[in-house]
Amino acid sequence: MTQKLTLKRPDDWHLHLRDGAMLKAVLPETTRHFGRAIIMPNLVPPVVTSAQALAYRDRILAALPAGSNFTPLMTLYLTEQSDPDDIAAAYAGGLISAVKLYPAGATTNSASGVSDFDKVRPALEKMAEIGLPLCLHGEVTDAEVDIFDREAVFIDRVLDPIRRATPGLKTVMEHITTKDGVDYAKSQDNLGATITTHHLVINRNHILVGGIKPHYYCLPVAKRETHRVALLEAATSGDTRFFLGTDSAPHTDLLKENACGCAGCFTATNTMSILAEVFEKAGALDWLEGFTSLHGPAFYGLPVNDTTLTLTKGAPVTYPSKIEVGAETVTVFDPGFPLHWTVTA
């Protein structure tokens, strides 16, 4: 039985760090295990211009723990007013690694997102020309579409038309939650799909059965068990189109535990332990390094990290249940089962 597992250091291809006190509190939880991360730009105000991305990167670098070699990979928030030339210049200068498209109103701080997709066509065409990846939050926001169907409808109404209209556009379907998403990713070239830690663990019953569990509420919302199984099969398959993007999204408990709680699961602290447990149970530990450390760099055209991370299996391990942010706290995701793998080096 495997008791120790050494991987190339993993990367997180979808991460929320927020800003200010929250940034300083949660950043060490990611830098402890991950070499790089794609940083989400949905701040208030959003990171729309290259100047804003540079300033945000500087704030992240200033908050790094001493001795950390973590590299934040910055993104720009796509709006209907985004300047294609500014986007291209930011990419040419090595400032950004992707552009993020939020449908307006889809998730946290997405009010500035896209409503009229024709208005962002010049930016998408420029991105296809220069090879800059587009990361998408894949949900429609139409009130008449059921929340559990919004990803599948997005693929049909938005994603597939965008890709057909913009040949060569390198695309990431972020935090897929459905078999529809898995099947579409498998049918495409020049497309990657990130899968979160929590969507490999929970289905919609975990959120609703026995009382509402606000710390399992996220967007896209977890779906039926059949969809979770499809995600697990994709993540553990060795298919290079699928890679880790935790979507670790911290909110204070005051914002999560109220009548209109915020969406997001904070998984940065224990993601690697959870994934090792999940992959071992699936008989797929040999594919963990690909999912966490190899497939993402290959898609983004980056070298694999030259350092390693070692997980050791033993007695059940515990993690802090809360992260302090000033006088408030952020709850760490609880997978609901014992974790026997811990990062030891």
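Student: With which residue does Lys100 form a salt bridge?

Tutor: The structure is a predicted model, in which local features need pLDDT of at least 70, side-chain atom pairs count only at pLDDT 80 or more, and totals for chains, interfaces and linings use all residues. Residues are numbered from 1 along each chain as its sequence is written, and side-chain values use heavy atoms, with hydrogens and water left out. A salt bridge is a side-chain nitrogen of Lys or Arg within 4 Å of a carboxyl oxygen of Asp or Glu. The closest N and O atoms are 2.7 Å apart where Lys100 pairs with Glu174.

Student: Which strands hold Lys100 and Glu174?

Tutor: Strands are DSSP runs of E with at least two residues, helices are runs of H or I with at least four, and both are numbered from the N terminus. The pair links distant parts of the chain, 74 residues apart. Lys100 lies in β5 and Glu174 in β7.

Student: Are Lys100 and Glu174 buried or exposed?

Tutor: Relative accessible area, taken with a 1.4 Å probe on protein chains only, is under 20% for buried, over 50% for exposed, and in between for partly exposed residues. By this criterion, Lys100 and Glu174 are both buried.

Student: In what order do the strands of the open sheet run?

Tutor: Two strands pair if DSSP finds at least two bridges between them. The sheet has eight strands with parallel pairing. The edge strands, each pairing on one side only, are β2 and β9 (242-244). The order is β2-β3-β4-β5-β6-β7-β8-β9.

Student: What angle does the direction of helix α11 make with that of β9?

Tutor: Axes are lines fitted to C-alpha atoms, for helices over the stretch in contact (heavy atoms within 4.5 Å), and angles run from 0 to 180 degrees between N-to-C directions. Helix α11 (residues 288-300) packs on the sheet, touching strands including β2, β5 and β9. Its direction makes with that of β9 an angle of about 115°.

Student: Which residue pairs with Arg59 in a salt bridge?

Tutor: Arg59 lies in helix α2 (residues 50-63), and its partner, 40 residues apart, is in the loop between β2 and α1. Arg59 is partly exposed at 34% relative accessibility. The closest N and O atoms are 2.8 Å apart, and the partner is Asp19.

Student: Why are Asp183 and Lys179 about one helical turn apart?

Tutor: Asp183 forms a salt bridge with Lys179, at 2.8 Å between the closest N and O atoms. Both belong to helix α6 (residues 179-186), and they are separated by about one helical turn because their spacing in that helix is four residues.
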